[in-house]
Amino acid sequence: MKQIDQQQVQRLKEQAREVRRQIIAMLGQAGSGHTGGSLGAADIVTALYFWEMNIDPQKPDWEDRDRFVLSKGHAAPLLYAVLAERGYFPSDRLQTLRKLGSPLQGHPDRSKLAGVEASTGSLGQGISWAVGMALAAKMDHKDYRVYTLLGDGELEEGMVWEAAMAAAHYRLDNLVAFIDFNGLQIDGPVEQVLSPLPIPAKFAAFGWEVLQIDGNDIRQILEALNCARLVKGKPTAIVARTIKGKGCSFIENKVEWHGVAPKGEEIARALAELNM
Amino acid sequence: MEKQATRDAYGKALVELGKKHQDVVVLDADLSKSTKTADFAKQFPERFINAGIAEQNMVGMAAGLASAGKVVFASTFAIFATGRAFEAVRNSVAYSKMNVKLCATHAGLTVGEDGGSHQSVEDIALMRSVPNMTVVVPADGVSTARAVSALYDMNGPAYLRLGRPAVPVIYDQDSPFEIGRANRLRRGEDAAIIACGVMVSKALEAAELLAREGIEAAVVDMHTIKPLDEAAVIELARETGNILTVEEHSIIGGLGSAVCETVCAHHPVPVVRLGVNDVFGQSGEPNELLEHYGLTVEKIVHNVRDLLRKK
């Protein structure tokens, strides 16, 4: 249980803002990539790497480290921005995103970039990796924790529920899954494409502890993470309501910004808004 | 002749491996009694995880466990391991070179009575096409045990193809076994038979019959389909000028294809591929099925004679 003070919350908000700036710059440079989901979940991943997780960027392979798996692998720019900001690699490398030969692949590749825990991008698979890691911790009687972030659209993958069943069955209280509940997927609102709702009731029925928060509110994220540490005998799902594209008014809640990068004027406008 | 199912040998070898190495973890998808991982589960319950009937998640969890330093042996039937879970094998295991050994039993037609839905005749093709994958198809129980130990020693993803029925033991404990190195079981200058899995013992029988007719056929156990022992294939092509491949798998994409690719590129000679002729299987007893689909000693003999006539 960690103390949450207003100063820390403010610091994390600033950090998340910097992460968003990096995301915009990186995507602008790359010319393609997933803007909306990367911006929307920036507060969650920032809170994990800058507050919650027991990690050492100088020792990315440290056995006892906490682990984060970006199950919604298309939000790779978010993960890269956070890893760079946290000191896993120099931030000038962010400019190589999606370029030939770059360790910053379009979707995270653990064999190419230190700090990336799992190769994801094919939806539904990251949560299985996370379950495997959490099982390993239990087997080895280690107390490291495992975090994963899934998209709400990702919940349409059957494999997610295979993993959810296994996590509860094996009582993985060292596992926390954030659901980035922004309500949108490529083809439209999740409720129109193939509704995964109600999300909290589904995870509860699968045997998970469920918390519901505003996923763009740092304080709520920290409180939920504190809560999850108290849960025993089952995994925790934090259903985090977010605004896709959060921080850039013209990107927010626009489904067309799922998989496109800002260009020209848009980059300047987004950065200007994030600098305000 | 002593017989043993490769899956039985696998189950025993896993227990031995588990005794020796603390980092061995075994996963199964509700088929542990059939795949024979149940012995390991009994001996080392803390290192066995039943994934239930959820093969994709089994493979994903295997990747996660491997990333935490475990050497993971994941088992189910070949059809589900390579088919149902294919994309998880590709993206979670092979893409990241995770140390996961996919050890699938009940491969090929000799599943028998369960029928075509359960008879994988395309698994070698699927696994062989995935980068970073090693593909091993042992011929008997002895080489299966050796393969399990060799796969443990090798860091990286692998597919081990195992069968349901008891098959003749052709190796003794001192026989060489090295991943990627073919075993030449019989010398002969007239023709070359390259086989894998359950068809190796049949190839040996066929060579015996051919010898009585004065035809000397070389027999090679190509237990590793990938990386293929290309040098051995080229040497055989040079020595005999023709090759018959024999496998309990589709003639598309398996051992026969691998041999053809090598021969075409390096030393073109006629190759005849004996296997399942681009059809699905059906219910029946294992031996009936092998006979029905032409995977018999007689067919091998017949095909070698044919090859020589065309020479």
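**Exercise 1.** Which residues does A:Val131 touch, not counting residues up to four places away in sequence?

*Solution.* The structure is a predicted model. Step 1: within chain A, the contacts of A:Val131 are A:Ala163, A:Ala166, A:Ala167, A:Leu172 and A:Leu175. Step 2: from chain B, A:Val131 touches B:Met61 and B:Gly64.

**Exercise 2.** Describe the contact between the two domains of chain B.

*Solution.* Step 1: chain B is divided into domain 1, residues 3-168, and domain 2, residues 183-310. Step 2: the C-alpha centres of these domains of chain B are 25 Å apart. Step 3: domain 1 of chain B gives 26 residues to the contact, and domain 2 of chain B gives 30 residues. Step 4: on the side of domain 1 of chain B that touches domain 2 of chain B, at least two residues come from each of α7 (123-128), β6 (134-136) and β8 (166-168) of chain B. Step 5: sorted by class, that side of domain 1 of chain B comprises 13 nonpolar, nine polar and four charged residues.

**Exercise 3.** Locate two cis peptide bonds, one ending at A:Pro198 and one ending at B:Pro227.

*Solution.* Step 1: the bond from A:Leu197 to A:Pro198 is cis, its omega being near -5 degrees. A:Pro198 belongs to the loop between α7 (190-194) and α8 (199-205) of chain A. Step 2: the bond from B:Lys226 to B:Pro227 is also cis, with omega near 0 degrees. B:Pro227 sits in the loop between β12 (224-226) and α10 (230-240) of chain B.

**Exercise 4.** Determine whether A:Arg98 and B:Asp278 count as buried, partly exposed or exposed.

*Solution.* Step 1: A:Arg98, in the loop between α4 (76-86) and α5 of chain A, has a positive phi near 65 degrees. Step 2: A:Arg98 has 19 C-beta neighbours inside 10 Å and therefore counts as partly exposed, since a buried residue requires 20 or more. Step 3: B:Asp278, in the loop between β14 (271-276) and α12 (286-292) of chain B, has a positive phi near 55 degrees. Step 4: B:Asp278 has 10 C-beta neighbours inside 10 Å and therefore counts as exposed, because the limit for that class is 12 or fewer.

Conventions
Residues are numbered from 1 along each chain as its sequence is written. Chains are lettered from A and ligands numbered from 1 in the order in which they are written. This is a predicted model: local features need pLDDT of at least 70, side-chain atom pairs count only at pLDDT 80 or more; totals for chains, interfaces and linings use all residues. Two residues are in contact if their C-beta atoms, placed from the backbone, lie within 7 Å. Domain bounds come from an automatic or database domain assignment. Helices (H or I, at least four residues) and strands (E, at least two) are DSSP runs, numbered from the N terminus. Ala, Val, Leu, Ile, Met, Phe, Trp, Tyr, Cys and Pro count as nonpolar, Asp, Glu, Lys and Arg as charged, and the others, Gly among them, as polar.
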